[in-house]
Amino acid sequence: MSEVIHADHHDDHAHGPAKGMLRWLYTTNHKDIGTLYLWFSFAMFLIGGAMALVIRTELFQPGLQFIEPEFFNQMTTNHGLIMVFGAIMPAFVGLANWLIPMQVGAPDMALPRMNNLSFWILPFAFSMMISTLFMEGGGPNFGWTFYAPLSTTYAPDSVTYFIFAVHLMGASSIMGSINIIATILNMRAPGMTLMKMPMFVWTWLITAYLLIAVMPVLAGAVTMMLFDIHFNTSFFNAAGGGDPVMFQHIFWFFGHPEVYIMILPAFGIVSHIIPTFARKQLFGYTSMVYAVASIAFLSFIVWAHHMFTVGMPLAGQLFFMYSTMLIAVPTGVKVFNWIATMWRGSMTFETPMLFAIAFVVLFTIGGLSGIMLAITPADYQYHDTYFVVAHFHYVLVPGALFSIIAAVYFWIPKWTGKMYDESLGKLHFWLSFVGVNVTFFPQHFSGLAGMPRRIPDYALQFADFNMISSVGAFIFGFSQVFFLYVLIKTIRSGAPAKARSWEGAKGLEWTLPSPAPYHSFTYPPEVKSEEVHG
Amino acid sequence: MTVESKQQNDIRRTVKKLALIVVGMCFFVAALVPLYDLFCEVTGLNGKTGGPYVFDEAKTSPDTTRLVKVNFLTNTNEGMSWDFWPQKGAVRVHPGSANTVSFYVKNTTGRPMIAQAIPSLVPSSAAEFFHKTECFCFEQQLLQPGEELEMPMRFIVDRGLPKNVQSINLSYALFDVTERVGLPEDMQITDNQVSPVTGG
């Protein structure tokens, strides 16, 4: 550890990156590592998206047309794992790397070498996981929640690769989180008190604590699986006195905070973009901070709402139902604050703002279907149907993903010094917006009508909804390839961007020139009141 | 102390604290397993019934004012091909009285196997009031090919059973644990008599 800390004491004050490709391997610069994270997550996003399209192709019509059911299961499992651990989470870590040092007025992250390590673990973890698809017996096929005994007694032989891949991802996340907390708590510019921090920094501080708390739980769960598979223990095996239901408890004790890990930074991003384009101060900054903290706390006591049907006593069902519904209160506070921020603002609708507004609307739809699912007696009907699929895709795609895309459009002028093409950005937005709704809205209906999730074939009555869904999926999928084109075009030939790229933008990062210099804030900046969010 | 080295010290302190949280959470997840068992035992959730119970017939008298129906269900886990069923599907008993029922089991395969029965009880609120003084589920059964067995189970429904519980369902799932436990040396299967191994 001491080695890592001393990395800050190096004496060469080089003003630019090293030359050659190895620069990316050795870099300890927060901007380089942020860029690596973002491109990595984009690559994973396209791979996971391709898997989603395989799924939607098979589901275009009832019957088995293109792939075997065994392969279908591998596609749903890997799509989920790659999107959660490979796309959404690394994208947020990438944004944290780029933005947090600039937003708190620090020269770099607190632990630059550990930062390098936590990124470079990821390509190995995911190569390991994806390689199992080409092995005899296939890759993980037990759903992204890998319930035992599907993932132990009945798992393909390659499950051990999956277990170690999850260990590596966990190690990477824990190191990344320690780094983020250490940076935020110790490296803020003088005068930036906790309650003056930008919302993105606040949300990431809380997210990082969640990660530190639950990643060891995930590691514990997969370690117990490993022991059950190879060392004859019976943690999850009823024949040996274990209990498969305990797996679900442990998994969701990790899993529920995990879903907030994927949404809290999104709340932060939207809390930057909406005030900028409404040209108003964020409404209710303090309540926003407390809302995020309460959501984080509640996330630890609601896990069993994922497993209402395992046979819980009434008291347990009621407790988890009420505690889950309680989350709607702080979330509602946030949504009302965003709307109040827009109220009577002089709004303009550039691409980041469009994505942010779509986030507020569509995330709220996902939140409301979440409340429906929280009603225990009703959940018995919705459980394991496409209604659940529609719910979590509404909070993750137009929720988490839209916020990431919004962040990229919002900060790309700062990162590259180039402005994206506004009309291409708007086209990308409308294609994505239409695509995402056409894909996922009909799934509410097929779910309510009883279509189970994770199946390659279905009853005829669901044919129309599935066909619409598949068409939407292809629109959405290809509009993300278009996003790649917009990004490359921006980097290559975008118009030069101003230091303060948006008229209403506030915060220390906008006081730096665009593109931001390789080393920002060698000396702590002065925190002026007009740059403060709170 | 310069500003910079003070900052480095602060960072080091933060990292140490955070590393402690990580280590603490690792211990927490390890502790979850015994805690979960303890929780289920205390509350009776999950329908887990307790271990052997010491019953002194002289000290309690049966509650003859009510009868409780106890239903017995049996099933074999996937890959377990033994015959397994209760001799009586249900009995009516007075709380506080000792009762004996028996279960029939037969190894229908051509090789020696070891079985373990796992009980589960519904409603879970009755689990702590269902006592067993003798049960085949407290031990494992090793049966030779074609061997059959009558297995007794002696139980008492506690007088404290909530009044609203009028019937209790006790189910046993029979698992093949031959591979897990291992057969005694003299019964090891030789190559020329290998039959397909069931289960994972």
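Trainee: In this predicted model, what share of the contacts in chain B between residues at least 6 apart in sequence join residues at least 24 apart?

Mentor: The share is 76%. A pair counts as a contact if the C-beta atoms lie within 7 Å.

Trainee: How many residues of chain B count as buried, as a percentage?

Mentor: Of its 200 residues, 22% are buried. That term requires 20 or more other C-beta atoms within 10 Å of a residue's own.

Trainee: Which elements make up chain B?

Mentor: Chain B has two helices and nine strands. Their order from the N terminus is α-β-β-β-β-β-β-β-β-β-α.

Trainee: What makes β3 and β7 of chain B edge strands?

Mentor: Five strands of chain B form an open sheet in the order β3-β1-β9-β5-β7, with mixed pairing. β3 (90–93) and β7 (141–143) each pair on one side only, so they are the edge strands. From one strand to the next, the twist averages 25°.

Trainee: Why are β1 and β9 of chain B called paired?

Mentor: Pairing requires at least two bridges. Strand β1 (residues 68–76) and strand β9 (residues 167–176) of chain B share eight bridges in the parallel sense, and therefore they count as paired. Within this pair, B:Phe72 stands opposite B:Leu170.

Trainee: What does chain A contribute to its contact with chain B?

Mentor: 29 residues of chain A are in contact with 28 residues of chain B. On the chain A side, α6 (159–186), α7 (199–230) and α8 (244–261) each supply at least two residues. The largest share, six residues, comes from α6(A). By type, that side divides into 21 nonpolar, six polar and two charged residues.

Definitions and conventions: Residues are numbered from 1 along each chain as its sequence is written. Chains are lettered from A and ligands numbered from 1 in the order in which they are written. This is a predicted model: local features need pLDDT of at least 70, side-chain atom pairs count only at pLDDT 80 or more; totals for chains, interfaces and linings use all residues. Two residues are in contact if their C-beta atoms, placed from the backbone, lie within 7 Å. Helices (H or I, at least four residues) and strands (E, at least two) are DSSP runs, numbered from the N terminus. Ala, Val, Leu, Ile, Met, Phe, Trp, Tyr, Cys and Pro count as nonpolar, Asp, Glu, Lys and Arg as charged, and the others, Gly among them, as polar. Axes are lines fitted to C-alpha atoms, for helices over the stretch in contact, and angles run from 0 to 180 degrees between N-to-C directions. A residue is buried if 20 or more other C-beta atoms lie within 10 Å of its own, exposed if 12 or fewer, and partly exposed in between; C-beta atoms are placed from the backbone.
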